[in-house]
Amino acid sequence: MVNKELGKQQKVAVIHQVKEEPSQGHSSESQHVDPDGLVTLTTPNRLATVSVRAIPLPQEVTVLLEKSSELIRTLELINLSLREGKTMDINLRTLEAIAELKDHLQNFLQGRKWRNAVEQIWAFGPRRYGTNILLNSIKDYNRPSVWQCLEWRHSNDPARAVASSLRDFDNSIVSGFQLATLSGPMCEEALMGVCFSVERWDVQSSAFSQHPDTLKEDSLSHEAFQEVSSHGNSIDMIAERNLAERRTDAFSGDCYGPVSGQLIASMKEACRHAFQAQPQRLMAAMYTCEIMATGEVLGESVIFIISHRCINLSKLWRTVLSFGKI
């Protein structure tokens, strides 16, 4: 039971690392959960399928990611610039810090289940710099590494570091992961210390024909503008109606909406169900504070703090004993 006072504060949901009996798998028309926790979801239009597994991160990794949030944010900005082909000057100290972060992760993520996990990191979350990790465990998908800036530094040809192309709807998978970690299934609170491994991602070829094309949208708008400009006000309404019909034909896709949006929603739900397939616990938010109290109320202050589950009382006890109140 969560205290009502704590309910006003931010809470964090994590996977509890305990040994329990594996849950029985169950299936539905669009969802399948294996006994080992692998969740497979299919989009409503049956054109895309994604399989996700949730794994608790070691405590050392969670603490490291929490302390390195600013560095991870810088790393994301560098990778975004590299993907867009922009030239940029990267501080040598920043690259050394990123390399050190990678080495620490490799030291903490040891064992069979974490084999090549650091090289398979797809994204961090929520907000792309949190304490959760998305892994690319798809066999046929070799995407650019999140550490591509380190490869770019050691390469004479910058294009080699970003030679691998991203699959269509790649950003939809990342967006679904970001939404799931930002608002988890437990009280809609942010997740902490959870690794989501994408082990399968299938998209049928017919889905690409429904993917909105920005160039096509721009060309339709340009044609409609020319049509309105060339004929005058007498047929403005006809041109606008033709534009609306063209937009409807181009972007309707199917009754469930664009494939990218369906994939985002399916990825989010897959992460949430994968999280629920593991033992869970809700962590109350913690903060540090300094309390100044007179000698008359010092004893009562200690009792109040203890009743509210204060963890570190070493300095407080020394202060109390020096006053001789307890």
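Predicted model: local features only at pLDDT ≥ 70, side-chain atom pairs only at ≥ 80, totals over all residues.
1. On the overall make-up, the chain holds 12 helices and 10 strands. If you take the contacts between residues at least 6 apart in sequence, 72% of them join residues at least 24 apart.

2. The helix pair I would look at is α3 (residues 69-83) with α4 (residues 92-108). Their axes come within 11 Å and cross at roughly 110°. Since angles of 65 to 115 degrees count as roughly perpendicular, α3 is roughly perpendicular to α4. The crossing in which α3 passes α4 is left-handed.

3. Which residues make the contact between these two helices? From α3 come Leu71, Ile72, Thr74, Leu75 and Ile78, while α4 brings Thr94, Ala97, Ile98 and Leu101. By residue type, the contact of α3 with α4 has seven nonpolar residues, two polar ones and no charged ones.

4. Most residues other than glycine have a negative phi. Asn116 is not a glycine, yet its phi is positive, at about 60°. Asn116 sits in the loop between α4 and β6, and with a relative accessible area of 52% it is exposed.

5. Cys187 is the other case: its phi is also positive, about 60°, although it is not a glycine. You will find Cys187 in the loop between α7 and β8 (190-191). Is Cys187 buried or exposed? Its relative accessibility is 52%, so Cys187 counts as exposed, the cut-off being over 50%.

6. There is also a peptide bond to check. Most peptide bonds are trans. The one joining Gly125 and Pro126 is cis, with omega about 0°. Pro126 lies in the loop between β6 (121-125) and β7 (132-136).

7. Finally, have a look at Asp168, in the loop between α6 (158-161) and α7 (170-182). Its relative accessibility is 45%, so Asp168 counts as partly exposed. How far from Ser260 is the C-alpha atom of Asp168? The two C-alpha atoms are separated by 9.1 Å, with the residues 92 apart along the chain.

Technical notes:
Residues numbered from 1 in each chain as written. Heavy atoms only, no water. Axes fitted to C-alpha atoms, helices over the stretch in contact; angles between N-to-C directions. Helix = DSSP H or I, 4+ residues; strand = E, 2+ residues; numbered from the N terminus. Parallel < 35°, antiparallel > 145°, perpendicular 65-115°, else oblique. Left-handed = near helix turned anticlockwise from the far one by under 90°. Contact = heavy atoms within 4.5 Å. Nonpolar A, V, L, I, M, F, W, Y, C, P; charged D, E, K, R; others polar. Buried < 20%, exposed > 50% of the residue type's maximum accessible area, 1.4 Å probe, protein only.
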